[in-house]
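Subject: Structure for your review

Dear colleague,

Please find below the structure that I am handing over to you, together with its sequence.

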Amino acid sequence: MTHQQVVRLAEQWLRSRYRCGIVLSEQSCASGETPDVIGWKGTCRSVVVECKTSRADFLADREKPFRKDPELGMGCERLYLMPRGLIGKHELPPKWGLLECAGREVQLTIKPCRQSQRTAQGQMREMNLLLASLRRVEIRIEPQSITDFLKWKNRLAEYNGGRLPEGIVAPEAELNVHLSGTPCGRRLVDAD
């Protein structure tokens with residue numbers, strides 16, 4: 001399998017099996033860490049999946065600054081995804097989980113530590129990654145601002161005399177945990 005194929009498997013797994021509402025792959029930012037795949041679920045709980053296709057790639061990953069000092073890294077939960085049997089379970093860094101694939105099948109072989117591994121510094125790096133990603137979106141939709149782009153449903157309703165077209169859900173009816181409940185704050189960070 002190619003690295004890109006393994007990344008796609010990780011994206012699908014985070015969305016469908018791990019119920020992450022937001023998933024990004026191979027996005028870089030100023031922190032220097034470019035997670036192969038990162039997703040967020042529930043109340044700002046992040047999950048990083050590093051995808052490896054060879055043993056050499058896995059061993060090289062250990063030399064990254066945020067692997068040598070895990071407090072610098074992103075992710076409340078951290079996993080590797082690689083072809084079945086590529087490494088021994090004892091070779092995993094402490095508290096990391098292991099996903100193994102055979103073809104298109106992905107199996108959670110070792111669960112990651114449920115206690116959050118993300119520090120305040122890691123959370124700031126995640127915020128930087130999200131902001132860098134939003135800026136990339138804004139550049140692509142210019143001259144429209146991201147705020148206007150996100151209000152497109154309002155414009156559709158205005159155009160249609162106050163009604164949304166059939167099949168379009170009103171913003172207040174969207175199934176999005178990031179739009180309801182308590183925003184990411186002290187109470188939710190403690191819950192990680």
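The protein contains 7 helices and 6 strands. Please note that this is a predicted model. Along the sequence, these elements follow the pattern α-β-β-β-α-α-β-β-β-α-α-α-α.

Of its 192 residues, 36% are buried. As for contacts between residues at least 6 apart in sequence, 51% join residues that are at least 24 apart.

Two residues deserve a separate word on their backbone angles. As background, most residues other than glycine have a negative phi.

Arg 19 is not a glycine, yet its phi is positive, at about 60°. Arg 19 sits in the loop between helix 1 (3-17) and strand 1 (22-25). Is Arg 19 buried or exposed? Its relative accessibility is 64%, and residues over 50% count as exposed, so Arg 19 is exposed.

Cys 44 is likewise a residue other than glycine with a positive phi, here near 70°. The loop that holds Cys 44 runs between strand 2 (37-41) and strand 3 (45-51). The relative accessible area of Cys 44 is 16%. Because buried means under 20%, Cys 44 counts as buried.

With kind regards,
A colleague

Technical notes
Residues are numbered from 1 along each chain as its sequence is written. This is a predicted model: local features need pLDDT of at least 70, side-chain atom pairs count only at pLDDT 80 or more; totals for chains, interfaces and linings use all residues. Side-chain values use heavy atoms; hydrogens and water are left out. Helices (H or I, at least four residues) and strands (E, at least two) are DSSP runs, numbered from the N terminus. Buried means under 20% relative accessible area, exposed over 50%, partly exposed in between (1.4 Å probe, protein chains only). Contact means heavy atoms within 4.5 Å.
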